[in-house]
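Welcome! Take a look at the sequence and the model below, and then let us walk through a few of its residues together.

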Amino acid sequence: MSSNCSVTTLELDSVSQAECPPVHLLPCEIEHDGPAEVSQFFTATIKDRKHEKTVSFRGRGLKGQEVSCPQGYTGLVLREVNKSGTDQEDRTVKVSSVFHNVTYWNLETPPNSDDGIVMAMAWPDLAEAIHGPVDD
């Protein structure tokens, strides 16, 4: 009987060395895997207006908002130490940066409570309400 599973190991000592830069979640795919000079090319043009941020990225208008991690949680950006050749091989990752909030961007329309990232950040409170002790 064969097993189709792999193990991902997190190098815990990398957490204390991790940076805490601003994190942006963009509604596009960028074919680059590595650091980017975001502050030089992106942040300088952000306009804040009444809990909404606007920016133009490569000629497209984006609307965004800050989304905070749930209380007691910290976001991690992970980097694979040695990339494996297949999904079946074990992997080792380290923390390259940590974050407590992320700027979430949509094309043309502001983020709202129906967006996946917003719902994901609300999940821990909902899960606690569903699975927590019931008061009689």
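Is methionine 121 buried or exposed? Methionine 121 counts as buried because its relative accessible area is 18%; buried means under 20%, exposed over 50%, and partly exposed in between, with a 1.4 Å probe and protein chains only. Please note that this is a predicted model, where local features need pLDDT of at least 70, side-chain atom pairs count only at pLDDT 80 or more, and totals for chains, interfaces and linings use all residues. Residues are numbered from 1 along each chain as its sequence is written, and side-chain values use heavy atoms, leaving out hydrogens and water.

Methionine 121 sits in helix α2. Its C-alpha lies 10.0 Å from that of asparagine 101, 20 residues away in sequence.

Methionine 121 also belongs to the largest nonpolar core, which has eight residues, among them Val23, Phe99 and Tyr104. Such a core is a set of buried Ala, Val, Leu, Ile, Met, Phe, Trp, Tyr and Cys residues joined through side-chain atoms within 4.5 Å. Both β8 (101-107) and α2 (116-131) supply at least two residues of this core. In soluble globular proteins, nonpolar side chains tend to be buried together.

Now for leucine 76, which is found in strand β6 (residues 75-80). Leucine 76 counts as partly exposed because its relative accessibility is 39%.

Note on methods. Helix = DSSP H or I, 4+ residues; strand = E, 2+ residues; numbered from the N terminus.
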